[in-house]
Amino acid sequence: MTSLSHNMKRRLIQWIAFAMTNAQIGNLGMGKLYKGPWKQFCSPGLNCYSCPAAVTACPIGAMQAVGGAGQFNISFYIIGILMLIGILLGRAVCGFLCPFGLFQELLHKLPSPKRLLPWKKLIYLKYVVLIVFVILLPAIFTNYMGIGDPAFCKYICPAGTLEGGIPLLLTHPELRQAAGNLFLWKMMLLLAVIIGSVVIERFFCKVLCPLGAIYGLLNRFSVYHLHVDDKKCISCGACSRLCPMEISPVFSPDSAECIRCGKCAGQCPEQAIHMVWKK
Amino acid sequence: MSRRRGIQILIGLAGAFLVVMGIERGEVPVVLHKAVNICLECIGIG
């Protein structure tokens, strides 16, 4: 029996994670949300809790919900969960467990001209999104009841539009009647992310994802990480050419951009790169 | 113990502490309430 390649195993884990995160598939046709106790917990990846199929809460949505709740300005619960997941896996969550990451990888398989990011500094935009839209705006701009809008979810998140907006508007005529300019904006943004992901690998992960920004900060110390054997490396550059996140795994094995997909390790001609749990 | 391992343990403990603190101050019902109801902002209705 042929053993599965690393990439096939990773794809299998991605599909399993997608299925587990969105196990309430029967709700899609009815436009109902799962209301059970699993929604107290967060999925590790970006997955809208208004998706009818979603079993768990979205960590970014939950962070904004608690931050904008009035009595709290910041969520210790969600930050703590993200620290625990992040210190264990770092951005391996993006590479293995995030449903929206899987969606982007599938989009990138569509035939089209392929490009790298036109401007490398765009990768810092996701930190601006995190600080402004996820942390500051929900806490600062509140209504008369002291409640703030989840600004990232409201103005940016394409996962919410794709997984929540489209299925719910298809099954709820009253929501379709209420849809206006904001929905139009979000659909245009979703379209831009879809086109971006077809052309540029992992476009949303690179440029806009606040969850990737958080996990990336913990890449330097995560338990699961990249190890490069300097004695074996011949600096051929094969790993850099292959990297979907446009980094050099050899020079920056702990880069905040690395999603631990392992493509570099699989193709290294000298087997100098390994994905490891222990140093 | 290596520096990396030490930082991992520190961040892990800090994360666990924050989770407990968040539960203690009542954040979980807020998360649950938001997650089980249709988030009009998330789906573009506002």
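## The one salt bridge

Let's start with charge: across the interface of chain A and chain B, the rule finds one salt bridge. That term stands for a side-chain nitrogen of Lys or Arg within 4 Å of a carboxyl oxygen of Asp or Glu. The partners are Arg4(B) and Asp254(A), whose closest N and O atoms are 3.3 Å apart.

A word on what you're looking at: this is a predicted model, where local features need pLDDT of at least 70 and side-chain atom pairs count only at pLDDT 80 or more, while totals for chains, interfaces and linings use all residues. Residues are numbered from 1 along each chain as its sequence is written, chains are lettered from A and ligands numbered from 1 in the order in which they are written, and side-chain values use heavy atoms, with hydrogens and water left out.

## Where the chains meet

How many residues of chain A are in contact with chain B? There are 53, and they touch 35 residues of chain B (contact means heavy atoms within 4.5 Å). The area buried between the two chains is about 3,600 Å², with carbon and sulfur atoms giving 73% of that. Buried area here is the accessible area (1.4 Å probe) that two parts lose on being put together, summed over both.

The rule also finds 14 residue pairs in polar contact across this interface, both residues at pLDDT 80 or more. A polar contact is a pair of N or O atoms within 3.5 Å; within protein, one must be able to donate a hydrogen and the other to accept it, and residues adjacent in sequence count only if both atoms are side-chain atoms.

## The cysteines

Over all chains, the structure holds one disulfide, that is, a pair of cysteine sulfur atoms within 2.5 Å. Cys39(B) and Cys42(B) are the pair, at 2.2 Å from S to S. Their link is right-handed, with 75° about the S-S bond. Both Cys39(B) and Cys42(B) are buried (under 20% relative accessible area, with exposed being over 50% and partly exposed in between; 1.4 Å probe, protein chains only).

Why is Cys243(A) too far for a bond with Cys261(A)? Because the sulfur of Cys243(A) is 6.2 Å from that of Cys261(A), its closest cysteine sulfur. Cys243(A) counts as buried, at 14% relative accessibility. Cys264(A) is in no disulfide either, with the nearest cysteine sulfur, that of Cys261(A), 6.2 Å away. Cys264(A) counts as buried because its relative accessibility is 8%.
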